[in-house]
Amino acid sequence: MVPFTPIDLEHWPRKEYFEHYTAHVPCTYAITVQVDVTPIAAHGVRLYPAMLYALTTIVNRHEEFRTAQREDGQLGVYASMLPCYTVFHKDTETFSSIWTEYHPSFPDFLAAYEADLATYGNCQGLMGKPDVPENHFPVSMLPWRTFQGFELYLPKSNHYFVPIFTMGRTFSQDGRTLLPLSIQVHHGVCDGFHVCRFVEELEQLIQEIF
């Protein structure tokens, strides 16, 4: 089981903000950005696993994206997170979620992704791969359309603190390949500064790795 460090709310620098955005003004928000994925496209790397790897790498750098509340109500920070992502079934026009262990090396992560896809990619039902670890965050993709905005409406999300990522179809602009990416977070644990830093580091990682 992945280590989980409880948060001492009384001595947490975000205490006032957390209480405000959970008790007084419950607030989640989403921002959609156009991520430059030109290096991924230029080198012929498969986009979905490349982005799963890049997203997870940056998520694991920062506590605000690893903060969660367990079923027992304990708020804390996981030592690491892994992606739980959707795969589409053309025959039934439904999707299933599968998950893959994170590896710091992209080739190792890609191998694990391909193994999971081969084993569970055709499994029908909401959860294609069972036994989802608690330290997961959701990722999905709409490869059929690009978009300028995307937001999930979560009426019971006041204690759901992990980020949610949704990607769209890539498009070309000024010689670059851009990917719509929606990042949905809870304001109690994550501010606009943190999301903007996330995007900056994500694009930098893409440039460095691919």
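The legends below describe close-up views of a predicted model. Local features are taken where pLDDT is at least 70 and side-chain atom pairs where pLDDT is 80 or more, whereas totals for chains, interfaces and linings use all residues. Residues are numbered from 1 along each chain as its sequence is written, and side-chain values use heavy atoms, with hydrogens and water left out.

**View A. A salt bridge joins Arg14 and Asp191.** The structure holds eight salt bridges, a salt bridge being a side-chain nitrogen of Lys or Arg within 4 Å of a carboxyl oxygen of Asp or Glu. In the pair shown here, the closest N and O atoms of Arg14 and Asp191 are 2.8 Å apart. Arg14 lies in the loop between strand 1 (4–6) and helix 1 (15–24), and Asp191 in the loop between strand 10 (176–186) and helix 5 (192–209), so the pair ties together parts that are 177 residues apart in sequence. Helices (H or I, at least four residues) and strands (E, at least two) are DSSP runs, numbered from the N terminus. Arg14 is buried, with a relative accessible area of 13%; buried means under 20% relative accessible area, exposed over 50%, and partly exposed in between, with a 1.4 Å probe and protein chains only.

**View B. A salt bridge joins Arg176 and Asp36.** The closest N and O atoms of Arg176 and Asp36 are 3.7 Å apart. Because Arg176 lies in strand 10 and Asp36 in strand 2 (residues 28–36), the pair ties together parts that are 140 residues apart in sequence. Arg176 counts as partly exposed at 35% relative accessibility, while Asp36 counts as buried at 12%.

**View C. Helix 4 has buried residues that include Asp116.** Helix 4 has 15 residues and reaches 20 Å from its first C-alpha to its last, close to the 21 Å expected at 1.5 Å a residue, where the expected span is 1.5 Å times one less than the number of residues. Phe106, Phe109, Ala112, Tyr113 and Asp116 of helix 4 are buried. These residues cover an arc of only 125° around the axis, which puts them on the same side of helix 4; the arc is that of the directions from the helix axis to the C-beta atoms. On the other side of helix 4, Pro107, Ala118 and Thr119 are exposed. What covers the buried residues of helix 4 includes helix 3 (47–59), strand 5 (82–89) and strand 6.

**View D. Asp116 forms a salt bridge with Lys129.** The closest N and O atoms of this pair are 3.0 Å apart. Asp116 lies in helix 4 (residues 106–120) and Lys129 in the loop between helix 4 and strand 7 (136–141), so the pair ties together parts that are 13 residues apart in sequence. Asp116 counts as buried at 10% relative accessibility, and Lys129 counts as buried at 8%.

**View E. Thr166 lies in strand 8.** At 2% relative accessibility, Thr166 counts as buried. Leaving aside residues up to four places away in sequence, Thr166 touches Ser140, Leu142, Phe147, Phe150, Pro180, Leu181 and Ser182, where contact means heavy atoms within 4.5 Å.
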